[in-house]
Amino acid sequence: MIGAVLRRLGQTVLVLFGISVLVFLVFFATPGADPTARIAGRNASPETVAAIRHQYGFDRPLPIQYLHLMDRLFITRDLASYVDHGEKVVPEVARAAPVTLSLVGGAAVIWVTVSILIGTIAAAARGSVLDRALMMAGLVGISIPVFWLGEVANLITQSRFHTSWMFSWVPPLGYVPLQDGLWAWASHLIIPWCTLAVLFIGLYGRVLRADLVAASGEDFMRTARAKGLSETRVMLFHGLRTSLITFVSLFGLDFAQLVGGGALLTEVVFGLGGVGRLTYQGLVNLDLPLIMATVMYSAVFVVVANAVVDLFYLLLDPRVRDGR
Amino acid sequence: MDADAPLLAVDNLTITLPAGRGRTVDIVENVSFRLDGAEIMGLVGESGSGKSMSALAIMGLIDAPGARIAGSIRFRGRELIGLDRRALRALRGAEIAMIFQDPMTALTPVHTVGWQIDEQLRAHQPLSRAGARARTVELLGEMGVPDPRRAADRYPHQLSGGLRQRAMIAMALSCNPSLLIADEPTTALDVTVQAQILDLLRRLRQDFGSSILLITHDMGVVAETCDRTTVLYSGNVAEHGPTDALFRQPAHPYTAALLDSIPPLRGTRPRRLPSIPGAPPAPSARPPGCPFQPRCAYGHVACETRPSLLPIGAQQVACVLPAEGRALPPRAVLSA
Ligand SMILES: Nc1ncnc2c1ncn2[C@@H]1O[C@H](COP(=O)(O)OP(=O)(O)OP(=O)(O)O)[C@@H](O)[C@H]1O
Ligand SMILES: [Mg+2]
């Protein structure tokens, strides 16, 4: 057990190292990325530029610069942005993370619940009109671009029908932390949650249905029916329970990439200052500290999410537990 | 319920499946057999002869879309075909239980064996969790599973094939069914385990008075286990009869050919076992006459019409030879 944890920690460090080196090198290989001019401003004198170069250590060899950057990111945590008057990036990420986590976590609850419902109902009603309708709806959900959906949702709930009884409760765009009250937090996020969830509901619903249909031909499903169990019980305790194994691995990957910043479009449309927006901001400004901080955060999340998925695997599939 | 009715009476069972482009194919045609209390009947035939299909029809488990099942299947006088789902579910697992060919895939991989047996018990009996588990452990013990308490907590993949099949049988027997359908219960197992499982099935009849419909393609298994035998060929009954009579004097050339393919138990083994030349026709390409005619050494003009089952002695045979006075000769008695 301890060995497994250590091994995973080692892997994490290795992954973080690899990614950070890559980001670092790509940054310095990018033409026009030299941060000195950016920090110094447009009309700085050559002396100022030289001074800044020395002050920030841009005149030192790359490995030293790399180590210095890492030191300030992970150890002293006072790494400052190259733009924005040198704002500290670690607190900035720490401020953005709960926003993204709230957004993605809520959406995940919705999409997991609804897609399990849809997938199971469609598989149970295989071949019927209901099945076809649900799967069509799923396909539509997958094909709708999330920013378009978000804009339409805003149009309806924020301006067009905002005064109607249905949407008068919708607060203005933006994020309110959970500490300010559960309802304040949730009401700001309900529309973004649903918007982000639509794509995944479609995707997961269809995948689950296909899995369940494939499982229904398995011998053990026939055994379960031969035992005299109800169709519902066969479906849930034998079919769905077995199909959840694929479902979980899919979920782990999607969840991690969204928490790591993949929900950018949703964040932008709904004015949520999350990690996705922060990453985007870093990239637009070619702001190495911010890029590095968000990328590291996202990488940590992917690794952690993978570990959690593996844990779920162990819980869900006894064959994995025995190392098979 | 009809007290005189046989435990299971299958009459003119015909199973029709859609074969694409609006056509249909009769997988099983006019199959009839019956089974009495505390009786083991063998249902034999080559692969594809419709044994599993017939068994699944009895269980009401044919769920292929567009399948049509005609004829009659009566269990203790009660018609099963067209019985509503709820009533059928109450029978399944409680009165009629089935064990399947491949114990590797027939148990759900993500639940412990004990959990799966508990589940069946609790589906039919008002048992507490602990009560069900106690019964499960008891059953596993009766089926010869060593250390049944621990075995109940194991997952299917952690058990050997033989133990898994014992667990399957324990599960099937958990609610004391009066009829057990065993679809090739030993095919996937090695020979010694096979013998143990067959022994177990024989003891079931003695100890619990269960009737067993034993599906197999192994005439050796039939000889050792079954009171009566029904031979299926390409979805049709070729011959019925008490096993010893059938083995002594098979009336259908197909039965005779099957018997010739058993390796002798004693004496020198022949270098090559005789096998029946050719293969059974696909259900869609069955000839209008006797389905065995294309492979039969005795085929003649009279075989162009489908023979009906005729009684000869204790047997019933779908062949014109006995009626023509050309019955097959008795065989050297096989000392099993
Ligand atoms: N879903 C299906 N659709 C069409 N044909 C089928 C279907 N299932 C089975 N069949 C056909 O029905 C026939 C009988 O199948 P069945 O499984 O009953 O044979 P069997 O006697 O049990 O053979 P085996 O010894 O191989 O188990 C076979 O020819 C098979 O191809
Ligand atoms: Mg079969």
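Author: Arg286(B) and Glu29(B) form a salt bridge, with their closest N and O atoms 2.8 Å apart. The term denotes a side-chain nitrogen of Lys or Arg within 4 Å of a carboxyl oxygen of Asp or Glu. Because Arg286(B) lies in the loop between α10 (253–260) and β11 (310–312) of chain B, and Glu29(B) in strand β2 (residues 24–35) of chain B, the pair ties together parts that are 257 residues apart in sequence. Helices (H or I, at least four residues) and strands (E, at least two) are DSSP runs, numbered from the N terminus. Both Arg286(B) and Glu29(B) are buried; buried means under 20% relative accessible area, exposed over 50%, and partly exposed in between (1.4 Å probe, protein chains only).

The conventions are as follows. This is a predicted model, in which local features need pLDDT of at least 70 and side-chain atom pairs count only at pLDDT 80 or more, while totals for chains, interfaces and linings use all residues. Residues are numbered from 1 along each chain as its sequence is written, chains are lettered from A and ligands numbered from 1 in the order in which they are written, and side-chain values use heavy atoms, with hydrogens and water left out.

Over all chains, a search of the whole structure finds 26 salt bridges. One of them joins the side chains of Arg95(A) and Glu87(A) at 3.6 Å, N to O. Here Arg95(A) is exposed, with 52% relative accessibility, and Glu87(A) is partly exposed at 31%. In chain B, Asp147(B) and Arg150(B) meet in a salt bridge at 3.7 Å, N to O. Asp147(B) is partly exposed, its relative accessible area being 43%, whereas Arg150(B) counts as exposed at 53%.

Three salt bridges are found across the interface of chain A and chain B. Asp63(B) pairs in a salt bridge with Arg225(A), and their closest N and O atoms are 3.2 Å apart. A network of salt bridges links these two residues, Arg225(A) and Asp63(B), with Glu231(A).

The surrounding interface gives the context. Contact (heavy atoms within 4.5 Å) involves 23 residues of chain A and 28 residues of chain B. The area buried between the two chains is about 2,300 Å², with carbon and sulfur atoms giving 56%; buried area is the accessible area (1.4 Å probe) that two parts lose on being put together, summed over both. In chain A, Arg222(A), Ala226(A) and Lys227(A) lose the most area to chain B, together 26% of what that side buries.

Thr223(A) is located in helix α9 of chain A and is buried, at 4% relative accessible area. Leaving out residues up to four places away in sequence, Thr223(A) touches Phe100(B), Ala106(B), Met168(B) and Met171(B).

As to confidence, the model scores ipTM 0.88 and pTM 0.83. Chain B has an average pLDDT of 89, and 94% of the residues score at least 70; pLDDT is the predictor's confidence in each residue, from 0 to 100.
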